[in-house]
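Please look through the following protein slowly, with its sequence and its model side by side. The report after it starts with a single residue and then widens to the whole chain.

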Amino acid sequence: MNYTVRDLLQLEELDKAEFKGTKQSLSKFITGITIIDSPYIARWLKGGEILLTSFHAVSTFDEESLSEWAENLADKKISALIVKNPNEGDTIPEVIEEVCAKRNIAMIVIHRDVPFISIIRKVTRKLFSQDVERLEYFREINHRFTELSIRNMDDEVIIQTLESLIGNPVTIYNELFTVLATTDSEVELFYENDKFKERDDSKDSLFPIYRRNVIFPKLQDRLCEQIMIPITTVNQTRVNLVISAVNSNFNEFDFIAIENAATALSLNLAKKIAVSEVEKKYKNEIIDDLLSGELKNDNDIKERAFNINFDLNSRSAVVVFSLNFKNKDIDSKNHQRYYNMLINNIDYYLKDAIIRERFNQVIVIWPIHSGQNNIKKEMSYIKKSINLVLSKFESTTEDATVLAGIGTIANTVFDLPRSHTEAQEVTNMLTLFEPVKSFEELGVYRLLYQFKHDNNKLDEFIPHSLRRLLNYHKSNRKQLIETLDMYLQSQQNISRTADRLFIHYKTVTYRLDKIKEITQMDYEDANEMLSVQVGLKILEINH
């Protein structure tokens with residue numbers, strides 16, 4: 001167990017000592033003990049020390065220097081100050097007492113005849129025994145968790161073992177804080193009382209340790225401390241080991257057990273990923289075969305569909321997600337982390353999706369569960385779900401955005417190649433549209449996009465009347481083009497155009513008359529209006 005200031009006061013040498021401190025200061029841990037033989041001793045402190053002094057080292061200091069000296073010791077988080085006055089009638093500097101009281105540092109005043117060396121010897125012996133005890137406990141716990149790893153025990157066994165050692169419930173969450181395993185379902189649900197903060201001493205641990213206070217509604221809204229250890233592997237897959245102090249507070253020996261459990265879970269996670277990578281490679285090859293359209297033999301297609309649990313009688317659509325990074329120099333580590341986050345979000349909203357990551361894309365065979373053949377409603381439902389995925393992803397980061405192209409619904413496994421080709425085509429065009437678009441919504445863009453890299457060819461389809469407007473070099477040209485585009489999108493309804501542009505009805509009328517004056521357009525000529533609409537879409541593609 002940790003040696004505290006309370007334990008220190010049990011020494012025979014301190015029987016008649018005067019204690020000046022709070023109840024809280026009695027609980028401070030002691031890590032070492034030393035005599036103040038230099039005014040610069042704060043430079044060599046690590047925290048938790050007991051300092052012994054008769055103030056000889058700072059006898060020449062004025063009040064201001066003494067205050068600064070005492071504050072420096074407090075900043076180093078010393079546990080207590082043992083002081084004695086060398087001469088009869090001497091008193092402890094008042095400024096020292098003030099700093100100790102303000103910074104909650106226990107002060108223990110001893111008689112001038114009590115030798116410092118006697119206190120040092122006993123405290124050192126106790127700390128040494130404590131180190132030996134800690135080392136023995138570490139060896140025992142390390143052996144226990146290493147044996148679990150060698151025996152390939154699953155995560156549930158590891159966290160049950162940890163709970164038996166520390167007496168508090170343990171839960172494993174994924175990055176989205178979905179429960180993967182727990183020893184007590186009553187602690188799964190909680191509300192944050194404050195945000196996670198890294199523990200001061202976690203720099204000495206193999207894993208960073210974060211703490212916060214949370215409220216457990218299933219435990220009569222009890223407020224308890226919760227600690228989290230994020231466990232990350234080489235490919236940035238991450239789980240969070242969370243322990244809730246519902247039965248007892250954490251002590252030093254608990255953290256020895258927690259660190260060893262985290263190491264065992266890290267090894268388990270690495271093994272799972274290694275197996276998963278092999279399975280994923282095999283699964284990806286099957287998905288590629290199904291989406292390529294190169295398989296002609298029905299039996300081959302059915303066999304591959306069976307191997308990835310694809311229902312041959314189900315209907316589905318292929319969705320292609322593409323990530324756009326704001327920082328083009330993003331490193332591979334963060335690149336993979338964002339793709340993992342996106343895949344986790346897709347899996348969160350669609351448990352039975354078949355997912356394939358390839359060439360900076362995430363390809364999903366999206367099952368249709370509506371039970372109806374209303375394609376418009378089914379596509380609307382898919383888009384709604386995808387928007388939830390995008391919203392959840394983009395709420396966690398500002399460094400990347402997601403685009404998603406949807407192919408038409410495949411009624412059988414044999415239709416998947418067509419849906420995949422369509423989804424890829426939509427994804428290539430998404431910079432022109434909102435982040436989510438289906439193939440059926442592309443309309444004439446599907447034809448025009450084939451000439452995207454041949455601007456001269458596309459320009460041939462811009463009608464002369466629209467060219468006159470483009471060549472109109474007045475400051476309101478952009479307004480006129482915007483009004484014309486919205487007028488055609490609104491089925492040439494002036495009231496609807498005004499509402500969508502948030503301008504007055506008469507303003508739209510004036511602008512349309514001005515456009516007619518510049519271009520000689522005939523708004524009643526359906527063929528000309530169709531040509532103008534196509535021309536406006538060409539302008540979108542070219543720019």
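Ser149 is buried, with a relative accessible area of 10%, where buried means under 20% relative accessible area, exposed means over 50%, and partly exposed covers what lies in between, computed with a 1.4 Å probe and with protein chains only. This residue lies in helix H4, which runs over residues 116-150; helices (H or I, at least four residues) and strands (E, at least two) are DSSP runs, numbered from the N terminus. Leaving out residues up to four places away in sequence, Ser149 touches Ala264, Leu267 and Lys271, and a contact here means heavy atoms within 4.5 Å.

Ser118 is also found in helix H4, and this serine is buried with a relative accessible area of 15%. Ser118 and Leu11 are 107 residues apart in sequence, while their C-alpha atoms are 10.0 Å apart in space.

## How the model is to be read

This is a predicted model, in which local features need pLDDT of at least 70 and side-chain atom pairs count only at pLDDT 80 or more, whereas totals for chains, interfaces and linings use all residues. Residues are numbered from 1 along each chain as its sequence is written, and side-chain values use heavy atoms, with hydrogens and water left out.

Val114 lies in the loop between strand E5 (106-109) and H4, and at 15% relative accessibility it counts as buried. Which residues does Val114 contact, leaving aside its neighbours within four places in sequence? They are Glu13, Lys84 and Ile119. Val114 and Leu14 are 100 residues apart in sequence, yet the distance between them in space is 8.6 Å, C-alpha to C-alpha.

## Two residues with positive phi

Lys77 has a positive phi of about 60 degrees although it is not a glycine. Lys77 is found in the loop between helix H2 (63-75) and strand E4 (80-83), and with a relative accessibility of 55% it counts as exposed.

Phe502, likewise a residue other than glycine, has a positive phi near 60 degrees. Its place is the loop between helix H15 (494-501) and helix H16 (505-519). Is Phe502 buried or exposed? With a relative accessible area of 77%, Phe502 is exposed.

## The whole protein

The protein has 17 helices and 17 strands. Its radius of gyration is 36 Å, well over the 24 Å that the globule rule gives for 543 residues, so the protein is more spread out than a compact globule; the radius is taken over C-alpha atoms, and the rule is 2.2 Å times the number of residues to the power 0.38. Along its principal axes the C-alpha trace spans about 115 × 65 × 45 Å.

The domain assignment, which is automatic or from a database, gives domain 1 (5-125), domain 2 (152-273), domain 3 (295-442) and domain 4 (455-542). The C-alpha centres of domain 1 and domain 4 lie 84 Å apart.

## Burial, contacts and charge

Of the 543 residues, 45% count as buried. Among the contacts with a separation of 6 or more, 62% are between residues 24 or more positions apart.

The protein has 68 positive and 81 negative side chains, and the centres of the two sets lie 4 Å apart. Lys and Arg count as positive and Asp and Glu as negative, while His and the chain ends are not counted; each charge is placed at NZ of Lys, CZ of Arg, CG of Asp or CD of Glu.
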